[in-house]
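The following exercises are to be worked through with the sequence and the coordinates at hand. Each task is followed by a solution in steps.

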Amino acid sequence: MSVRIDFDTQQQLVMVTFEGPVELKDILAMRARVASDPRFNDRMARVLDMRLAEFHIAAADVQVAAQARRENPLGRKLAFIVSRSVDFGLTRMMQGMLGGDSTMRVFYDMEKALRWLQSESDSPK
């Protein structure tokens, strides 16, 4: 597994790119890195580009990730970009555990995700 984190302070965006197998510990470590980076602020949106990743996450892990988001959302919006339907489903499961969190969405398309993140609305476009 590899992860790259890029901060765009002009666009108020954090771009996180995962490659390879991703476990819960990798997601929690990424959250800690973002939160502790001096460039991060709560007005930023985050993109988690998981298109080259493969979730190795169980339902119990999704609950832990949802709880971490509930306790500290890390920014105003979060977009997951995935390429596999199973990853889409796991991400939607997390959103459901958060009561349909309108500040988190899952996409197959990067451009749609970026348009949603840049919009004022929380509804998907």
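**Exercise 1. The cavity and its lining**

Helix 1 (24-36), strand 3 (45-55), helix 2 (59-71), strand 4 and helix 3 (85-97) each contribute at least two residues to the lining of the largest cavity. Helices (H or I, at least four residues) and strands (E, at least two) are DSSP runs, numbered from the N terminus. The model is a predicted one, in which local features need pLDDT of at least 70 and side-chain atom pairs count only at pLDDT 80 or more, while totals for chains, interfaces and linings use all residues. Residues are numbered from 1 along each chain as its sequence is written, and side-chain values use heavy atoms, with hydrogens and water left out.

Task: Determine how much space lies in the largest cavity and which element gives the largest share of its lining.

Solution.
- Step 1. Rolling a probe the size of a water molecule over the atoms shows where empty space is left. On a 1 Å grid over the protein atoms alone, a cavity is a set of points where a 1.4 Å probe fits but cannot get out, and lining residues have an atom within 4 Å of a point. Grid points are joined across faces, edges and corners, and the volume is the space filled by probe spheres set on the points.
- Step 2. One cavity of 30 Å³ or more is present in the structure, and the largest cavity holds about 180 Å³ of space. The lining has 16 residues, of which I27, I57, A65, F80 and M94 are the closest to the centre.
- Step 3. Helix 1 supplies the largest share of the lining, four residues.
- Step 4. By class, the lining has twelve nonpolar residues, one polar and three charged. Here Ala, Val, Leu, Ile, Met, Phe, Trp, Tyr, Cys and Pro count as nonpolar, Asp, Glu, Lys and Arg as charged, and the others, Gly among them, as polar.

**Exercise 2. The chain as a whole**

Task: State in which order helices and strands follow along the sequence, and what the radius of gyration is.

Solution.
- Step 1. Four helices and five strands make up the count for the chain, and their order along the sequence is β-β-α-β-α-β-α-β-α.
- Step 2. The radius of gyration is 13 Å, close to the 14 Å given by the globule rule for 125 residues, so the chain is as compact as a globular protein of that length. The radius is taken over C-alpha atoms, and the rule is 2.2 Å times the number of residues to the power 0.38.
- Step 3. Along the principal axes, the C-alpha atoms fill a box of roughly 35 × 30 × 25 Å.
- Step 4. Of the 125 residues, 47% count as buried; buried means under 20% relative accessible area, exposed over 50%, and partly exposed in between (1.4 Å probe, protein chains only).
- Step 5. Among contacts (heavy atoms within 4.5 Å) with a separation of 6 or more, 72% join residues 24 or more positions apart.

**Exercise 3. K77, buried or exposed?**

Task: Place K77 in the fold and find which backbone oxygens lie by its side chain.

Solution.
- Step 1. K77 belongs to strand 4 (residues 77-81).
- Step 2. With a relative accessible area of 2%, K77 is buried.
- Step 3. A polar atom of the K77 side chain lies 2.7 Å from the backbone oxygen of W116. The backbone oxygen of S119 lies 2.9 Å from a polar atom of that side chain.

**Exercise 4. V82 and V3**

Task: State which residues V82 touches and which residues V3 touches.

Solution.
- Step 1. V82 is in the loop between strand 4 and helix 3, and is buried at a relative accessible area of 0%.
- Step 2. Apart from neighbours within four places in sequence, V82 contacts M50, R51, D87, F88, T91, V106, F107 and Y108.
- Step 3. V3 is in strand 1 (residues 2-8) and, at 25% relative accessibility, is partly exposed.
- Step 4. Not counting residues up to four places away in sequence, V3 touches V16, T17, F18, M30 and R33.

**Exercise 5. Positive phi**

Task: State where Q12 and L74 lie, and give the phi of Q12 and of L74.

Solution.
- Step 1. Q12 lies in the loop between strand 1 and strand 2 (13-22). Although Q12 is not a glycine, its phi is positive, about 55°.
- Step 2. L74 is in the loop between helix 2 and strand 4. Its phi is near 55°, a positive value in a residue other than glycine.
- Step 3. L74 is buried, with a relative accessible area of 3%.

Methods
Polar contact = N/O pair within 3.5 Å; in protein donor to acceptor, adjacent residues only side chain to side chain. 1 Å grid on protein atoms, 1.4 Å probe; cavity = no way out; pocket = protein on both sides within 12 Å on 5 of 7 lines; lining within 4 Å.
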